[in-house]
Each structure stands twice: as structure tokens, then as C-alpha cells.
Amino acid sequence: MKRYIPVSRVEGNASRQAHCDLPEGTYEREMSKEGFFGPAAFFHHRHPPTGWSDFTGPLQPRAFDLAKLPAGAGGPWAAHEALVNAHCRIRYWRLGGSMERLARNADGDDLLFVHSGRGDLHCDFGHLGVEPGDYVVLPRGTMWRIDCASPMELLMVEATNASYTLPDKGLVGNHAIFDAALLDAPKLDAAFTAQQGDSRAWTVEVKRRNQVSLITYPYNPLDVLGWHGELSVVRINVRDFRPLMSHRYHLPPSAHTTFLSNRFVVCTFVPRPFETDPGALKVPFFHNNDDYDEVLFYHAGDFFSRDNIHPGMMTFHPGGFTHGPHPKALTRMLKQDKPVTDEVAVMIDTRDPLDVADAVREVEWKEYVHSWKAAP
Ligand SMILES: [Fe+2]
């Protein structure tokens, strides 16, 4: 733990509890270190911090409608790149039919999130069915392919030159949010044995330094008869998550951390009850998240803090960009008309700045920066 310079102070007309009991008519903005985990200050503003009348320059927030990207015939390495840095590569993959080649990533672990469609994943470790809402972690070096039962759309997040791990769940212990017993691993079952009967030649697309090499075998190399060890592909579905919440405190996004890599985190927002305490915020607080770039992929439901966002879209908020609820959501800051949130979204927060890839510029919603404009 770093030794930050210690300050604890209350100035002017201020609440002494973050996200609660704001002075009448004010809007709270958090400025913090280490995402939402380090020292922070909470400002009470007279105006919503997103009330800009003009905004120019590269700090602008971006939104992309990934569902509008064209479907491709290729494997995962032909998927559309969306946002990239040296430690994280985020792609959107529209898989129209079963993979004709095997894939292997020599650059890092891959995380698949199934947005739509279903199929069967066959890999070195065996067979695993995949369906919407599934996360699948593919350790670096795994050889795999998907047989589609229907066309699929997948978000892919590569932990470049790194691994995926689970977060420390601190005071609530390791079995909170989801129990490790819920992580499914592939099985050497009848479906896996059946695919071994395929006698045709197979090509493996191996990606290293983001370049693809092709290795062809005159047989099917997914031919293991058995294996043992403590490393495998794992799968978990978002319906198995039991999110942390407090009826008296709006928890920060870090409470919803699902996977960690060296230089980014993956969090999942799933339905949960709204806070009920009269003084507690019922929408996200305004913040700059100065240490992280924030990416949000909207999977399903009604995105309670955002207007004009639908499933299959991705928003990108560069670190240092102040954001918070849209004006319509802000009217429900202290009183929601529904008992629970109804959204499933995947958040990727990266410690290093991301670059926008060319492919997604084609499906950009350019007016996103102005979407906070309506008066609350
Ligand atoms: Fe944020």
C-alpha cells in the first residue's frame, strides 16, 4: 500500500459521508486516486459537472454502435479492433458460422464475453457450451474453436503479455459475488470425443506480436485423451453473480470487479436493488477517474444512467473526463421509480490510455459528447 500524503478535512457546507446527504440543491463530484480505491475528495457543486456548453479536443467521450460492424467470415484474429493499448486489446467479433480453423493466442490470455448467439467451444481441455452472458477465460496458448449453433457476437478482451486473475474480495471474503465453485471447466465428454473423429487437415491461426502464423496438421490436433493440472479454460455466466450492494450507500464500480489483469480490471454490472435510504445517492456520482480510461459495453436491459444507449454499444471515457448520469437519470438522483436496476454491462478500466481503432470510427455516434446537454 502506498503512503499517500494524509489529509482529512471538511470545508464549507459539505456532507461528511461520501455519496450521501448532499447539501440541498448540489451535485457531488468525486476526484480520486487508484480508480475508486485510493484517497479521494468529494466536491458539492452548484451545477452538474457535465453541464458544458461546448467541448472540443481529444478528451471527448466516445460511443460506438458495435452491433453495426459488419459480420466477418474470419476467426478471432480478424475481429474488429475497438480500443487498444500495450496491455489490453478490446475487439468485437461477429462470428457468422462455425470456425473453419483453430485459434491460439501467444500474446496473452483472452477473455470472451458472449453478447449473443450460442455454440460449442472445443479446446485443448475439452468441450464447453457457450451462451449469452458467459465469460470464458482462455489462458494464453490454448488451442480452440467454436462451432456455432447460431451466429454469435462476442466481446474479446486480451490481457496482452499478462494473465487474468480474480480480485481480492477483502472484508466480504472469497465466496462473495461469485463462488469459485461456479467456474465451469471444459470436459472430455462425448461431444469432444465425437469431434476427434474428424479426419480432415486442420490449420491453427497462432497470433504472436499481433501477427498471425498458420500451422497446418494433416489431422485434428484437438486430440488429447486426458490431462491434469491447475490451469484451464473457465466459464461463468453473469446470471450467477450476486452483486454487492448497500441500501444506504451507492457502492463505487470497483465493488463489481470480476477479473483483474496487470494493468486493467474487468467489472460487471448486473441487476441489483436501488438504495432505499432517503439521503443516499441512487445514481452514479460524477467523477473524473483520473487514473483510468473507462470502457463500458452494454449487454442487456435498460441502462439507468444513460440515454440513447442500447445493447451492443460501447462507450469510452478517457481518464480525466468528468462524467456522471445523463440529465433524465439525474432527476432520479434521490428517488427511483423502480425497485431494481435492470442492466447488464461489462466495464473495462485501463491504467494506461487506450487508442481508438479505425474499424469502430465507422460506427461512432458523434453526438455522444452532447448527450449530457438537456437541462436537468
Ligand atoms: Fe466512470
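This is a predicted model: local features need pLDDT of at least 70, side-chain atom pairs count only at pLDDT 80 or more; totals for chains, interfaces and linings use all residues.

Reader: Is His 287 buried or exposed? And what about Glu 294, buried or exposed?

Author: His 287 is buried, at 8% relative accessible area. Glu 294 is buried as well, with a relative accessibility of 8%. The cut-off for buried is under 20%.

Reader: Switching to aromatics. How many aromatic pairs are there?

Author: The count is 20 aromatic pairs. One of them is Phe 36 with Phe 285, in an edge-to-face pair. Their centres are 5.8 Å apart and the planes stand at 80°.

Reader: Where do Phe 36 and Phe 285 sit in the chain?

Author: Phe 36 is in the loop between β1 (27–32) and β2 (40–45). Phe 285 is in the loop between β17 (264–269) and β18 (286–287). The pair links distant parts of the chain, 249 residues apart. Both Phe 36 and Phe 285 are buried.

Reader: Give me another. What kind of pair do Phe 125 and Trp 227 form?

Author: An edge-to-face one, with 5.0 Å between centres and 80° between planes. Phe 125 is in the loop between β8 (119–123) and β9 (126–130), and Trp 227 is in the loop between β14 (211–217) and β15 (234–237), so the pair ties together parts 102 residues apart in sequence.

Reader: Phe 125 first: buried or exposed? And which class does Trp 227 count as?

Author: Phe 125 counts as buried, at 13% relative accessibility. Trp 227 is partly exposed, at 36%.

Reader: Which residues do ring pairs link into a cluster?

Author: The cluster takes in Tyr 92, Phe 113, Tyr 135, Tyr 164, Phe 178, Phe 241, Phe 259, Phe 264 and Phe 297.

Reader: What sits over the ring of Trp 202? And what lies over the face of Trp 77?

Author: Over Trp 202 it's the charged end of Arg 200, 3.9 Å from the ring centre. Over Trp 77 it's Lys 207, at 5.7 Å from the ring centre.

Reader: Now the core. How many residues has the largest nonpolar core?

Author: It has 38 residues. Tyr 135, Leu 155 and Ile 348 have the most contacts inside it.

Reader: What does Leu 155 touch?

Author: Beyond residues up to four places away in sequence, Leu 155 touches Ile 90, Arg 91, Tyr 92, Leu 111, Leu 112, Phe 113, Phe 297, Met 314, Val 346 and Ile 348. Another core, of 22 residues, lies apart from the largest one. Its members include Leu 112, Val 114, Cys 148 and Leu 154.

Reader: Next, Val 206. Which strand is Val 206 in?

Author: Strand β13, residues 202–208. Val 206 counts as buried, at 10% relative accessibility.

Reader: How far is Val 206 from Arg 104, C-alpha to C-alpha?

Author: 4.7 Å, though they are 102 residues apart along the chain. Setting aside neighbours within four places in sequence, Val 206 is in contact with Trp 77, Arg 104, Ala 106, Gln 211, Val 212, Ser 213 and Ile 215.

Reader: Backbone next. What is phi of His 19?

Author: Near 65°, a positive value in a residue other than glycine. Most residues other than glycine have a negative phi. His 19 is in the segment before β1. With 1% relative accessibility, His 19 counts as buried.

Reader: And what is phi of Asn 210?

Author: Positive, at about 60°, and Asn 210 is not a glycine. Asn 210 is in the loop between β13 and β14. Its relative accessible area is 34%, so Asn 210 is partly exposed.

Reader: Last one. Where does Asn 308 lie?

Author: In the loop between β19 (293–302) and β20 (313–317). Asn 308 is exposed, with a relative accessible area of 58%.

Reader: What is Asn 308 in contact with?

Author: Met 313 and Trp 365, leaving aside neighbours within four places in sequence. His 326 is 18 residues from Asn 308 in sequence, and their C-alpha atoms are 9.9 Å apart.

Key
Residues are numbered from 1 along each chain as its sequence is written. Side-chain values use heavy atoms; hydrogens and water are left out. Buried means under 20% relative accessible area, exposed over 50%, partly exposed in between (1.4 Å probe, protein chains only). Rings of Phe, Tyr and Trp (its six-membered ring) pair if their centres lie within 6.5 Å; planes under 30 degrees apart count as stacked, over 60 as edge-to-face and the rest as tilted. Helices (H or I, at least four residues) and strands (E, at least two) are DSSP runs, numbered from the N terminus. A charge sits over a ring if NZ of Lys or CZ of Arg is within 6 Å of the ring centre and within 35 degrees of the ring normal. A nonpolar core is a set of buried Ala, Val, Leu, Ile, Met, Phe, Trp, Tyr and Cys residues joined through side-chain atoms within 4.5 Å. Contact means heavy atoms within 4.5 Å.
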